[in-house]
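Colleague: Could you show me the model and take me through one of its hairpins? I'd like to begin with the turn.

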Amino acid sequence: MRVLAMLLAGTLVVGCGEATDSAGNGPDSRPPIVTVATVDGVPELATAVATGDTVIGQTWAWGDHPLVWSNDDGENWQPSTTPSLAEGARTGVRLVQVGSTSLLLQEPNVTSEAQPAIWWSDDAGHSFHEAVGVSGGEAGAVSTAVGVGDHLVAFGMVRPGGPPAHTSLEASRSVRWESDDAGRTWSRTDLSPRLPLLTSVVATAIGTLVAATAPGWSPAAATAPTVTMRSTDDGRTWDPVAIPKPGPNDAHGVPVIVDDTVYVAVGSTTWASTDGGSRWTELGGAPAGRDSEGTAPEGSSLQVQARAGDVLVAQVRDFFDYEHYLGHLAWSDDDGSKWHRVGLPVHCDGYDATSTVSDVAHVDGVLVASWNCSGGGDRGGWLLTSTDDGRTWQVEAHKATAGMELSGPVAVDGDHVLLWAGPNAEAAPKVMLTVQPAR
């Protein structure tokens with residue numbers, strides 16, 4: 001791995017202790033190596049994916065170069081060549097990595113008159129090209145894509161052209177696209193008129209698909225609850241899975257696959273399926289939590305993120321009101337029957353304080369996440385690492401990242417993790433961090 005320029009700090013010092021609900025790592029752990037460096041000229045990154053040793057970044061500034069790439073751990077960034085992309089990208093796109101193919105999807109937006117579009121790259125983001133066969137001349141968007149066997153499938157919605165008035169939404173319908181040539185050309189199939197928009201799809205080990213939905217896109221399905229759907233024919237037809245319908249404030253979450261098990265959060269509970277979504281088991285609920293004033297949350301959500309050894313690691317969010325929610329981590333060593341809350345020595349105080357925990361990356365025995373606070377308390381971003389399968393976590397804020405928000409981790413080349421930090425989420429990063437296991 002390349003060493004970043006202008007090195008500011010090196011190895012973290014990890015505390016020792018028993019594997020209990022507290023910060024710090026177990027007695028047999030070895031601290032990961034964290035490298036922190038300032039980098040000049042970094043674009044305003046919104047999110048990123050990795051393919052091999054290259055990171056492809058999606059920028060906040062939708063201009064001539066909405067995508068950039070780096071193969072030296074973020075020290076230098078180059079603009080992606082994106083013919084026909086600049087104008088379309090201004091309405092919002094989503095970058096995803098499906099196998100070795102990088103895809104850019106025209107995201108759904110009720111105020112947009114854009115046509116559905118997919119751009120593909122097979123050279124690690126150096127260049128993107130518009131796919132053939134996605135747009136049929138109607139307004140619409142592509143919401144998600146996934147690999148199934150040796151082909152790709154994508155899902156979205158279309159509606160008649162013109163302003164996005166209620167009359168046009170009444171005719172909106174979910175559609176499916178399929179590609180057998182790594183995203184270059186696609187064929188379209190219209191789905192059931194009553195099917196909600198599929199917003200996130202995962203492919204199971206046995207080939208079935210499990211998806212989250214957004215029912216409000218079509219009045220024909222607007223009264224249906226947000227449910228999890230399952231398909232056994234590559235997404236041509238869909239049925240609701242056998243999970244109880246949520247209450248009015250308990251939407252089904254995004255499906256996540258960890259070691260061939262599908263997990264879906266429903267309110268404060270989580271459901272798991274080991275047979276491709278046919279049968280589901282209810283797991284234990286989110287561990288109880290309170291804010292710094294001792295107030296119990298009105299509700300909680302728990303989303304499984306990773307498995308390390310015999311431990312499941314989950315992201316938990318406690319909701320106190322619309323402007324006050326707090327994120328933390330939890331772990332379970334009994335397949336989710338009981339969850340233990342991870343104590344973090346940082347606080348996010350105030351009636352409007354919010355904190356979030358990112359998705360968790362797992363690289364060679366090291367788990368990495370970020371924790372961000374706004375609105376009070378220890379404002380800013382903190383790096384979280386664990387070397388005992390997520391039971392305990394080392395929590396550190398660097399002087400170089402003080403007061404900055406920290407991105408979620410991106411696993412690069414299978415052996416280290418890249419994060420970046422800036423004054424806020426929409427400002428150019430000032431600092432790059434790499435995390436790699438101790439050798």
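Modeller: Happy to! E11 and E12 form a hairpin with two residues between them, and Gly-149 in the turn has a positive phi of about 65 degrees. Strands here are DSSP runs of at least two residues, numbered from the N terminus. This is a predicted model, in which local features need pLDDT of at least 70, side-chain atom pairs count only at pLDDT 80 or more, and totals for chains, interfaces and linings use all residues. Residues are numbered from 1 along each chain as its sequence is written, and side-chain values use heavy atoms, leaving out hydrogens and water.

Colleague: Which residue in E12 is the bridge partner of Thr-144?

Modeller: Strand E11 (residues 139–148) pairs with E12 in the antiparallel sense over nine bridges; pairing requires at least two DSSP bridges between two strands. In E12, the partner of Thr-144 is Phe-155.

Colleague: How many residues of strand E12 are buried?

Modeller: Buried means under 20% relative accessible area with a 1.4 Å probe, counting protein chains only. In a regular strand the side chains alternate between the two faces of the sheet. Both faces of E12 are covered, with Phe-155 among the buried residues on one side and Gly-156 among those on the other. For E12 (residues 151–159), the count of buried residues is nine of nine.

Conventions
Buried means under 20% relative accessible area, exposed over 50%, partly exposed in between (1.4 Å probe, protein chains only). Helices (H or I, at least four residues) and strands (E, at least two) are DSSP runs, numbered from the N terminus.
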